[in-house]
Amino acid sequence: SAMGLKELVRQQIDQYFDELDGEMPQDLYDLVVGQVEHALLEAALAQSNNNQSKAAEMLGISRGTLRTRMKLFGLLS
């Protein structure tokens, strides 16, 4: 069966650690959560044909929160 989301994320984090080659990562929590959130917003917007109300509903957040998060990631022009 297809690999689950958790396993895919774990695989990427393990790869990140391998690439650090023993270096101690900085702000790993913010890095991972930010990357996942950015990708999630992009995917929800793509699935909703950039309809912010539909994307927000899909994500279970308000449209205002979606717009705030979009601004943070440079997804609003």
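Ala, Val, Leu, Ile, Met, Phe, Trp, Tyr, Cys and Pro count here as nonpolar, Asp, Glu, Lys and Arg as charged, and the others, Gly among them, as polar. By that scheme, the lining of the largest pocket divides into ten nonpolar residues, two polar and no charged. The model is a predicted one, in which local features need pLDDT of at least 70 and side-chain atom pairs count only at pLDDT 80 or more, while totals for chains, interfaces and linings use all residues. Residues are numbered from 1 along each chain as its sequence is written, and side-chain values use heavy atoms, with hydrogens and water left out.

A pocket is an open set of points on a 1 Å grid over the protein atoms alone, where a 1.4 Å probe fits, with protein on both sides within 12 Å along at least five of seven lines; its lining residues have an atom within 4 Å of a point. The largest pocket has a volume of about 320 Å³, volume being the space filled by probe spheres set on the points, which are joined across faces, edges and corners. Its lining includes Leu5, Tyr16, Leu28 and Leu40. Helix 1 (5–20) and helix 2 (28–47) each supply at least two lining residues, and helix 2 gives the most, with seven. Helices are DSSP runs (H or I, at least four residues), numbered from the N terminus.

Gly34, Glu37, Leu41, Ala44 and Leu45 are the buried residues of helix 2. They cover an arc of only 105° around the axis, which puts them on the same side of helix 2; the arc is that of the directions from the helix axis to the C-beta atoms. Buried means under 20% relative accessible area, exposed over 50%, and partly exposed in between (1.4 Å probe, protein chains only). Helix 3 (52–59) and helix 4 (63–72) are included in what covers these buried residues, whereas the face turned away carries the exposed residues Gln35, Ala46 and Gln47.

The loop between helix 1 and helix 2 holds Asp21 and Asp27. Asp21 has a positive phi of about 55° although it is not a glycine, and Asp21 counts as exposed at 69% relative accessibility. Phi of Asp27 is also positive, near 50°, and Asp27 is exposed at 60%.

Methods. Contact means heavy atoms within 4.5 Å.
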